[in-house]
Amino acid sequence: PVVLRLGLASIFIVRGAFSLTGLYGSPSTKAILLAIVEILGGLFCLMGFLTRWAAFALGALLFYEIATGPQWKAFLRPEHHHYLAFLVMAFALYGLGGGKWSVDDGKSKKG
């Protein structure tokens, strides 16, 4: 899970940062919220803190983006396959949890 966490985290931290820096003029509340979810979800995955919740939030965000964006093209066209790949990564991380070298793992050993 550590490799999956780091890969998903790097993707979403960068996506969120580009979203925030690319907001010109007066950004919509929706755009700000999406960028915050991407950055926080990515940071939580990076640390392995509340990993399942972060993976669920990122998966829900991706499902929303697929539903409002490319829709079924995400399954059919190569230029949209990254949405599907990220969704599968988030789903796998939700199932696996943080694994070794995560904050979640450290908390479970103390209790």
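A salt bridge here is a side-chain nitrogen of Lys or Arg within 4 Å of a carboxyl oxygen of Asp or Glu.

Ground rules next. This is a predicted model, where local features need pLDDT of at least 70 and side-chain atom pairs count only at pLDDT 80 or more, while totals for chains, interfaces and linings use all residues. Residues are numbered from 1 along each chain as its sequence is written, and side-chain values use heavy atoms, with hydrogens and water left out.

Let's start with the network. How many salt bridges does the structure hold? Two. In one, arginine 15 pairs with glutamate 38, and the closest N and O atoms are 3.0 Å apart. That pair links distant parts of the chain, with arginine 15 in helix 1 and glutamate 38 in helix 2, 23 residues apart. Helices here are DSSP runs of H or I, at least four residues, numbered from the N terminus.

In the other, the side chains of glutamate 65 and arginine 15 meet at 2.6 Å, N to O. Glutamate 65 lies in helix 3 and arginine 15 in helix 1, so this bridge ties together parts that are 50 residues apart in sequence.

Glutamate 38 is buried, at 3%. Glutamate 65 is also buried, at 13%. Arginine 15 is partly exposed, at 21%.

Now the core. In soluble globular proteins, nonpolar side chains tend to be buried together. A nonpolar core, for us, is a set of buried Ala, Val, Leu, Ile, Met, Phe, Trp, Tyr and Cys residues joined through side-chain atoms within 4.5 Å. The largest one has 15 residues, and Leu8, Phe12, Cys45, Leu58, Leu62, Tyr83 and Leu93 touch the most other members. Helix 1 (2-21), helix 3 (51-68) and helix 5 (81-96) each supply at least two of its residues. Which helix gives the largest share? Helix 3, with six residues.

Some individual contacts, meaning heavy atoms within 4.5 Å. Neighbours within four places in sequence are left aside for leucine 62, which is in contact with Phe12, Tyr83, Phe86 and Leu87.

Phenylalanine 86 sits in helix 5. Its relative accessible area is 14%, so phenylalanine 86 is buried. Not counting residues up to four places away in sequence, phenylalanine 86 touches Leu8, Ile11, Arg15 and Leu62. For scale, phenylalanine 86 and proline 27 are 59 residues apart in sequence and 25 Å apart in space, C-alpha to C-alpha.

Next, isoleucine 66, in helix 3. Isoleucine 66 counts as buried because its relative accessibility is 7%. Leaving aside neighbours within four places in sequence, its contacts are Gln71, Ala74, Tyr83, Leu84 and Leu87. Isoleucine 66 and histidine 80 are 14 residues apart in sequence, and their C-alpha atoms are 9.1 Å apart.

On to aromatics. The structure holds three aromatic pairs. Rings of Phe, Tyr and Trp (its six-membered ring) pair if their centres lie within 6.5 Å; planes under 30 degrees apart count as stacked, over 60 as edge-to-face, and the rest as tilted.

Phenylalanine 44 is partly exposed at 26%, and phenylalanine 49 is partly exposed at 27%.

Another is phenylalanine 56 with tyrosine 94: the centres are 6.2 Å apart and the planes at 50°, so this pair is tilted. Here phenylalanine 56 is in helix 3 and tyrosine 94 in helix 5, 38 residues apart. Tyrosine 94 is partly exposed, at 40%.

Last, the surface. Leu6, Ile32, Ile36, Leu40, Leu43, Leu46, Met47 and Val103 make a nonpolar patch of about 610 Å². Patches are made of residues with over 30% relative accessible area and no salt bridge; like charges are joined within 9 Å, nonpolar side chains (Val, Leu, Ile, Met, Phe, Trp, Tyr) within 5 Å. Areas come from the Shrake-Rupley method with a 1.4 Å probe, and for residues only the protein chains shown count as cover.

Which helix gives the most to this patch? Helix 2 (residues 29-47), with six residues. Methionine 47 is in helix 2, and is partly exposed at 41%.

Terms used. Buried < 20%, exposed > 50% of the residue type's maximum accessible area, 1.4 Å probe, protein only.
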